[in-house]
Amino acid sequence: MNRLRIAVCVSVVLNVFLAGALIAGFFAVRNGGRMINAGALRIAGSELPAAERRPFRHALREARNAMGPSIAESHRAKQQAALLLRQPNVDQGAVMVALDQARADDMAVRAAVERRAVAFAATLPGPDRAKLANAIDKRAGQGPDLQKARDGKTPGPR
């Protein structure tokens, strides 16, 4: 009887875990995928009205997908740098060349996404562009508190 009770408890715990994973997966798919490392522009776009938020995120996703070869090159360069660092004798120059290539590829992707974001933002009405600009300011640390600090005023309690 004791073994049966343990088996039932283990089964219940596993089923609860699996149900939680299914629910989390459903919401992740429903909400358009991941937001981790989404970037300041995508997060800033969350301030847009729902009718413009989805097309904005779609435009950013399309721009990033179009840069697939650059993303793949960046990953390869980072893997190469890691491989070089594992060698008994580290060739610092070769590691730096690989990391420089990865950075250049990453920046190319970022530039393409930013160009697409600006093109999309140019089509928005003025108030929505202002919301986007304010959200970008906030993400960049240029929010009202920083402006008050620059003006010699200290921000109030939060």
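E52 sits in helix α3, which covers residues 50-66; helices here are DSSP runs of H or I with at least four residues, strands are runs of E with at least two, and both are numbered from the N terminus. This is a predicted model, in which local features need pLDDT of at least 70, side-chain atom pairs count only at pLDDT 80 or more, and totals for chains, interfaces and linings use all residues. Residues are numbered from 1 along each chain as its sequence is written, and side-chain values use heavy atoms, with hydrogens and water left out.

Let's stay with E52 for a moment. E52 counts as buried because its relative accessibility is 18%; buried means under 20% relative accessible area, exposed over 50%, and partly exposed in between, with a 1.4 Å probe and protein chains only. Beyond its neighbours within four places in sequence, E52 touches F120, L124, P125 and D128, a contact being heavy atoms within 4.5 Å. With F120, the C-alpha atoms lie 9.7 Å apart, although 68 residues separate E52 and F120 in sequence.

Now for a contrasting residue. L4 belongs to helix α1, residues 2-30, and counts as exposed because its relative accessibility is 53%.

Stepping back to the whole chain, you will find 7 helices and 0 strands, so the order from the N terminus is α-α-α-α-α-α-α. Of the 158 residues in the chain, 21% are buried. Among contacts between residues at least 6 apart in sequence, 60% join residues at least 24 apart.
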